[in-house]
Amino acid sequence: MTATTTEKDGSGMARIAVVVAVILVAIPAWAWTRESARFYTMDLGFAFLGIYLPARLLALLGLVFMFFQFVLAARIPAVERLFKRGKLLKIHRSLGKWAYLMVLLHGVGMLAFDLVSSGEIYLYTETIVGLVALVLLTAAVLAAWFFKPLKLSLNQWRTIHLLTYIVFPLVIWHALMLGSTVNAVPTLRYLLIGLFAGYVVLLLFRLYRKFIVS
Ligand code: HEM
């Protein structure tokens, strides 16, 4: 095979990877639209239409973006053959900001919805798990963003950042237990289970690289 053929194969594969990523984002967006669009024809009030429903969309998209974060940072040889490591890390940093913002707005939105609609916040196991996940994620994100002002060593911020590996299974469980869209649209439910399976593979890959290869 010539160098040009290999390059063409590489850019073809890169395009396929981008299309797959777009499909992974489109599935929750489509599922949410299917389940929620009809509510916007009804007079259900600002709290429901302006906070509760958008907060659910943000959670669904944020969750898929969180999964991308693991793929972007895992230093997978097959992925690094398609995209430069520097580019992957650049996307990891900017996507991380959006993913965190979405998930933060979801959590705050859900708490605000309870307060606005019924004057109190309902906490039970599934929402507490969401809250714990959000706190851990906030620690992981802050350590990465402010490692210089916080005077963290490379090892310290990396260890804190690894909290995201605890956050992901927690939020998958939280979404499977609570999610109206997730439980109404089987394709979305399978997607979440697929993302969790992908996360397990990436985790095993990282552990293999850390403890067996090096
Ligand atoms: C303060 C923290 C959190 C609270 C109070 C909270 C609350 C909730 C509630 C009440 C639901 C059910 C909504 C429904 O009726 O369908 C839900 C769903 C969901 N949450 Fe959270 N959550 C929190 C944090 C998180 C985090 C950190 C994530 C990470 C991505 C997340 C992802 C999801 C997803 C994907 C759904 C499913 C949405 C749907 O199916 O429409 N949540 N959350």
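Student: Which helices each supply at least two residues of the shell around the ligand?

Tutor: They are α2 (46-73), α4 (85-118), α5 (125-145), α7 (164-178) and α8 (180-184), where helices are DSSP runs of H or I with at least four residues, numbered from the N terminus. This is a predicted model, in which local features need pLDDT of at least 70 and side-chain atom pairs count only at pLDDT 80 or more, while totals for chains, interfaces and linings use all residues. Residues are numbered from 1 along each chain as its sequence is written.

Student: And how many residues surround the ligand?

Tutor: There are 25, the closest being G107, G130, G179, S180 and T181; a residue counts as near if its C-beta atom, placed from the backbone, lies within 6 Å of the molecule.

Student: Switching to α5, which of its residues are buried?

Tutor: G130, A133, L134, L137, A140 and V141 are buried, meaning that 20 or more other C-beta atoms lie within 10 Å of their own, whereas exposed means 12 or fewer and partly exposed is in between, with C-beta atoms placed from the backbone. Seen down the axis of α5, these buried residues fall within an arc of 130°, so they line one face of the helix; the arc is that of the directions from the helix axis to the C-beta atoms.

Student: What's on the face turned away from the buried side?

Tutor: That face of α5 carries the exposed residues T125 and I128.

Student: What do the buried ones pack against?

Tutor: The buried residues of α5 pack against α4, α6 (154-161) and α7, with contact taken as C-beta atoms, placed from the backbone, within 7 Å.

Technical notes. Contact = placed C-beta atoms within 7 Å.
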